[in-house]
Amino acid sequence: MCHSIVTSLGGEIDVESTLGKGSTFRVSLPSAEDGATPRAASVTPPLASAPTASASRRGRVLVIDDEPAIGKAIRRILASDHEVTLETDARAALERMTTETYDVIFCDLMMPNMSGMEFCEQASARSPQLGERIVFLTGGAFSPRSEEFLRQNRHRCLAKPFSREAVTEMVHRVLDATPA
């Protein structure tokens with residue numbers, strides 16, 4: 001996944017490893033002046049509507065990903081326009097949701113302890129409308145069960161690595177589709 005992110009940004013990642021001594025990773029990224037733009041895929045279900053101009057309201061966004069860097073990246077993208085809360089554990093996120101509400105929920109599909117699918121099932125059991133607010137973050141590693149889950153339920157997905165534009169467009173899409 002790291003290799004995919006680095007190369008999508010026009011960079012390179014190299015590793016040198018010596019048994020018993022450790023490993024050295026070198027990541028080279030182009031400077032912003034080089035004009036490199038990320039190549040990211042954004043996957044949406046077939047019935048999703050086209051994006052609208054701009055969301056007219058500030059939203060509350062919950063990001064659930066076992067990789068803290070993913071949540072921090074999304075918070076950097078959205079923090080100026082939305083309130084963003086980060087969780088690295090889906091169970092903790094469910095507990096948080098007993099006292100807090102969110103307009104958009106970004107949830108990693110594959111996580112230890114509780115998968116995004118299990119999170120979605122439990123959140124939707126509490127409130128069916130929550131399922132419509134979930135956007136799954138995927139790193140491309142699908143199990144047969146997760147592929148079937150996404151196909152049957154037609155959930156929104158955002159593929160890692162993602163672009164700033166893809167994240168903001170998805171937030172606008174979910175906000176515009178759900179009542180305030």
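This is a predicted model: local features need pLDDT of at least 70, side-chain atom pairs count only at pLDDT 80 or more; totals for chains, interfaces and linings use all residues.
## A walk through the fold

Starting at the N terminus, the elements of this protein run α-β-β-β-α-β-α-β-α-β-α-β-α. That comes to 6 helices and 7 strands, where helices (H or I, at least four residues) and strands (E, at least two) are DSSP runs numbered from the N terminus. Residues are numbered from 1 along each chain as its sequence is written, and side-chain values use heavy atoms, with hydrogens and water left out.

First, the overall picture. Of the 180 residues in the protein, 39% are buried; buried means under 20% relative accessible area, exposed means over 50%, and partly exposed is in between (1.4 Å probe, protein chains only). Now take the contacts with a separation of 6 or more: 62% of them join residues 24 or more positions apart. A contact here is a pair of heavy atoms within 4.5 Å.

Now for the inside. A nonpolar core is a set of buried Ala, Val, Leu, Ile, Met, Phe, Trp, Tyr and Cys residues joined through side-chain atoms within 4.5 Å. The largest one has 22 residues, and the members that touch the most others are Ile64, Met97, Ile105, Cys107, Phe119 and Phe136. Two or more residues each come from strand S3 (60-64), helix H3 (90-96), strand S5 (104-108), helix H4 (116-126), strand S6 (134-138) and helix H5 (144-153). H4 gives the largest share of this core, 4 residues. For a closer look, pick Met97: leaving out residues up to four places away in sequence, Met97 touches Leu62, Tyr102, Ile105, Phe119, Ala123, Arg126 and Leu130. Apart from this core lies another, of 19 residues, with Val61, Ile70, Phe106 and Val171 among them.

Arg60 lies over the face of Tyr102, at 4.9 Å from the ring centre; a charge sits over a ring if NZ of Lys or CZ of Arg is within 6 Å of the ring centre and within 35 degrees of the ring normal.

Next, the helix pairs. H4 and H5 have axes 10 Å apart and pack at an angle of about 40°, which makes H4 oblique to H5. On the H4 side the contact is made by Met117, Cys120 and Glu121, and on the H5 side by Arg145, Ser146 and Phe149. Axes are lines fitted to C-alpha atoms, for helices over the stretch in contact, and angles run from 0 to 180 degrees between N-to-C directions. Angles under 35 degrees count as roughly parallel, over 145 as roughly antiparallel, 65 to 115 as roughly perpendicular and the rest as oblique. Helix H2 (residues 68-78) and H6 also have axes 10 Å apart, but pack at about 70°, so H2 and H6 are roughly perpendicular to each other. Ile74, Arg76, Ile77 and Leu78 of H2 meet Arg164, Val167, Thr168 and Val171 of H6.

Staying in H2, Arg75 is partly exposed, with a relative accessible area of 35%. Not counting residues up to four places away in sequence, Arg75 touches Val84 and Leu86.

A few spots in the loops and at the tail end deserve a stop. Thr88 lies in the loop between strand S4 (83-87) and H3, and is partly exposed at 45% relative accessible area. Leaving aside neighbours within four places in sequence, Thr88 contacts Asp65, Asp66 and Pro68; its C-alpha atom is 4.3 Å from that of Asp66, 22 residues apart along the chain. Asn113, in the loop between S5 and H4, is exposed, with a relative accessible area of 56%. Phi of Asn113 is near 70°, a positive value in a residue other than glycine. Further on, a cis peptide bond joins Lys160 and Pro161, with omega about -5°; Pro161 is in the loop between strand S7 (156-159) and H6.

Is Thr178 buried or exposed? At 9% relative accessibility, Thr178 counts as buried. Aside from neighbours within four places in sequence, Thr178 is in contact with Arg57, Asp103 and Arg133. Thr178 and Asp103 are 75 residues apart along the chain, yet their C-alpha atoms are separated by 7.8 Å.
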